[in-house]
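Have a look at the structure first.

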Amino acid sequence: MSAAGEGMWAELLSVVHTVIAVTDNAVIIYFLAINTGYLVLVLLAVREFIRRARRARFAGYDDAASSPFTPPVSVLMPAHNEAAGIVEAVRAMLLLRYPVFEVVIVDDGSTDGTLDALRDAFDLVEVDCVVPRDVPARGDVTSVHLPRGGPVPLVVARKVNGGKADALNVGINLARYPLLCMVDADSILDSQALLAVAKPFSDDPMRVVATGGVIGLANGCTVVAGRVVEPHAPPDLLGRVQVVEYLRAFFLGRTGWSRLGGLLIIAGAFGLFRRDAVVAAGGMDPDCIGEDAELVIRLHRHMREQGRDYRIAFVTEPISWSEAPSQRKVLAKQRRRWHRGLTEILIKHRRMIGNPAYGRIGLLALPFHVIFELLAPLVELAGLVLVPLGVLVGAVNVDFLWHFLLAAYVYALVVSMVSVVVEEYAFHRFTQWRDVRGVLIGVLAENIGYRQLTAWWRLRGLWDGLRRSPQEWGSMTRAGFGSSSQVSEGGGDRA
């Protein structure tokens, strides 16, 4: 090679080394920032737990359960091919401790005998009913059923299949009461869950428009008569790692965002909404795969554009138990779908991002979710490639590699460990040390292969959302909630 060629090659290598070094430094700064952000949310959540612990004895649930002034609730439960567990789920809902409520089941074109199971269990009869059109619904309602001559507060509607969001819109139209509780058909609520999640509406009726509650994983728990009577850690490592994720995201992350007034996600498995606010916002979006989070952001947008003073809060006391995937293939579909939903939502509401007209939602919450949620899998996988490559070509040294590992994984491990310790200290849900030990093992295992796999699945979801590929929910394996059953498999809905 000529001297000129060698000079050009050396210059090219120098440029490559510089680019890799700069990129690797940016990756480390990114991981430090994201984990610091999560740690700040954890600290805010701890402060909130201390405040609520002081007020726990004065919560007034007994008074609310017997008061005629407690706002009545319509519990909306969309169901599609849920025959295995729908009867037990409805019976559990009907036994919730709450003064006045109704359960509205919307059978979204099931083909497995879901309606037949409900008809046999509750002696349903078809009635003439004109369904209002307060919010748009695509699938026609083919029949409405009520229990024969009994006081059971149950309504069952059968409709043409149109998806979960469309089924919820039908439920909203059928609902008689001012508060809407949206739950999944495979969810199990603690007996006081509805009282706890409705309390903010009684405390601040003019401002609160939505509240969300904690989602727990029922895998491995003992279930009797539609209630989780003995919480346990899942028996498999995949389930234990998901417990850690749920604690970090639900229990601490969303509590912190609620404290900041920037809560963007209320899980579709358990959320309470003011009906008039949901109707004014247009109901659920059937074209969005993350319809639950999209509704919350749309409520923020609607309230801000109307100049209304409002609150959307997260409540740590209630628990809705749901099945989580115990198979890697099912989990991959779930995480890919979740990230696709996040992508679609942020694209749809991109005008709010960085817009001071939307206050802390536009300037803090949405930018955080773009930088540290939407782009996280891209940066993580890039770091896994670029940092070792930088060490290999001599652009960075081995000390830098250790700094990367500390910033990306050890810091994240500390945040997850703090999440588990804080949750166990605050609520002490696990009664056996082996369950706590199992969750702590999940903390350690999360960073060894699992995070990298979920980053890949989420990256594929990001790509699906950007190119707007056809939406696919896929099939979910469910064990069903029977008497004294051990829950071992499940699909799990959006968290």
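What follows covers a helix pair and then some aromatic rings.

This is a predicted model, where local features need pLDDT of at least 70, side-chain atom pairs count only at pLDDT 80 or more, and totals for chains, interfaces and linings use all residues. Residues are numbered from 1 along each chain as its sequence is written, and side-chain values use heavy atoms, with hydrogens and water left out.

**Helix packing**

Helix α10 (residues 328-348) packs on helix α14 (residues 433-467) at about 45 degrees, with the axes 7 Å apart. That makes α10 oblique to α14 (oblique is what remains after under 35 degrees for roughly parallel, over 145 for roughly antiparallel and 65 to 115 for roughly perpendicular). Contact here means heavy atoms within 4.5 Å. Among the residues making the contact are R328, L331 and I347 of α10 and Y450, W457 and L466 of α14. The contact residues split into eight nonpolar, four polar and eight charged.

**Aromatic rings**

Rings of Phe, Tyr and Trp (its six-membered ring) pair if their centres lie within 6.5 Å; planes under 30 degrees apart are stacked, over 60 edge-to-face and the rest tilted. The count comes to five aromatic pairs, two of which are tabled here.

| Pair | Centres | Planes | Type |
|---|---|---|---|
| Y30 and F31 | 5.9 Å | 85 degrees | edge-to-face |
| Y30 and F372 | 5.4 Å | 50 degrees | tilted |

Y30 in helix α1 (residues 3-55) and F372 in helix α11 (residues 359-374) are 342 residues apart, so to speak distant parts of the chain linked by the pair. Both Y30 and F372 are buried (under 20% relative accessible area, with a 1.4 Å probe and protein chains only). Y30, F31, Y38, W257, F368 and F372 form one aromatic cluster.

Methods. Axes are lines fitted to C-alpha atoms, for helices over the stretch in contact, and angles run from 0 to 180 degrees between N-to-C directions. Helices (H or I, at least four residues) and strands (E, at least two) are DSSP runs, numbered from the N terminus. Ala, Val, Leu, Ile, Met, Phe, Trp, Tyr, Cys and Pro count as nonpolar, Asp, Glu, Lys and Arg as charged, and the others, Gly among them, as polar. Buried means under 20% relative accessible area, exposed over 50%, partly exposed in between (1.4 Å probe, protein chains only).
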